[in-house]
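Here are my quick notes on the charged side chains. Have a look at the model first, then read on.

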Amino acid sequence: MKSRFNCYFDPKLADRLTELSLRQGVHRSQIVEAAVASFLSPDALDRQEAAYVRRLDRLSRHMERIERDLTIAIEAQALFVRFWLSVTAPLAPSQQAAAKAQGAQRYQSYIETLGRRLQRGDSLVREISEEIWPERRHAAATPTADFTPDDPDPSGDEGETA
């Protein structure tokens with residue numbers, strides 16, 4: 001013998017339940033009974049836990065990639081600042097206006113190049129990964145940079161070796 005329960009549902013949920021019962025050709029109580037049984041079964045808890053674990057694993061991998069990318073960005077910036085500070089000589093006051101104008105022009109070029117790279121989806125992290133693991137390169141490689149400073153060495157290495 002079955003026990004009788006009186007339950008109250010939100011009207012929208014009750015409508016959805018009625019629609020489902022009509023499509024399935026079963027009584028609403030059978031659908032509710034199956035839903036409660038599924039909710040209370042240990043398998044349902046295991047499935048929920050497995051789903052949470054998969055989501056957490058995916059989030060953990062995503063956070064690890066973000067952390068790696070941030071570390072690369074910080075190290076690249078620190079390396080650039082260290083290099084720039086070591087090779088940049090102070091300017092005489094008479095040369096500062098011209099240097100400021102040239103700096104503004106170079107900065108504008110840098111911003112435009114950065115915008116193009118971001119639109120294409122280019123990434124320093126991807127370039128570094130391709131240098132470390134050349135076998136992972138795509139068959140149709142894209143140019144790695146369009147920024148050409150006034151420097152004769154476009155790689156920006158200044159004769160340094162990695």
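The points below cover salt bridges and a charged patch.

1. Ground rules: this is a predicted model, where local features need pLDDT of at least 70, side-chain atom pairs count only at pLDDT 80 or more, and totals for chains, interfaces and linings use all residues. Numbering starts from 1 along each chain as its sequence is written, and side-chain values use heavy atoms, leaving out hydrogens and water.

2. Searching the whole structure turns up 4 salt bridges (a side-chain nitrogen of Lys or Arg within 4 Å of a carboxyl oxygen of Asp or Glu). One of them joins Lys2 to Glu33 at 3.2 Å, N to O. Lys2 sits in the segment before helix H1 (11-24) and Glu33 in helix H2 (residues 28-40), 31 residues apart. (Helices are DSSP runs of H or I, at least four residues, numbered from the N terminus.)

3. Arg117 pairs with Glu127, with the closest N and O atoms 2.8 Å apart. Arg117 counts as buried at 14% relative accessibility, and Glu127 is buried at 17% (buried is under 20% relative accessible area, exposed over 50%, partly exposed in between; 1.4 Å probe, protein chains only).

4. Asp122 and Arg120 form a salt bridge at 2.4 Å, N to O. Asp122 is buried at 14% relative accessibility, while Arg120 is partly exposed at 43%.

5. On the surface, Arg54, Arg55, Arg58, Arg61 and Arg65 make up a patch of positive charge (residues with over 30% relative accessible area and no salt bridge, like charges joined within 9 Å). Arg58 is part of helix H3 (residues 42-87) and counts as exposed at 51% relative accessibility.

Terms used
Patch = residues over 30% accessible without salt bridge, like charges linked within 9 Å, V, L, I, M, F, W, Y side chains within 5 Å. Areas by Shrake-Rupley, 256 points an atom, 1.4 Å probe, with all protein chains shown as cover. Lys, Arg positive; Asp, Glu negative; His and termini not counted. Charge placed at Lys NZ, Arg CZ, Asp CG, Glu CD. Helix = DSSP H or I, 4+ residues; strand = E, 2+ residues; numbered from the N terminus.
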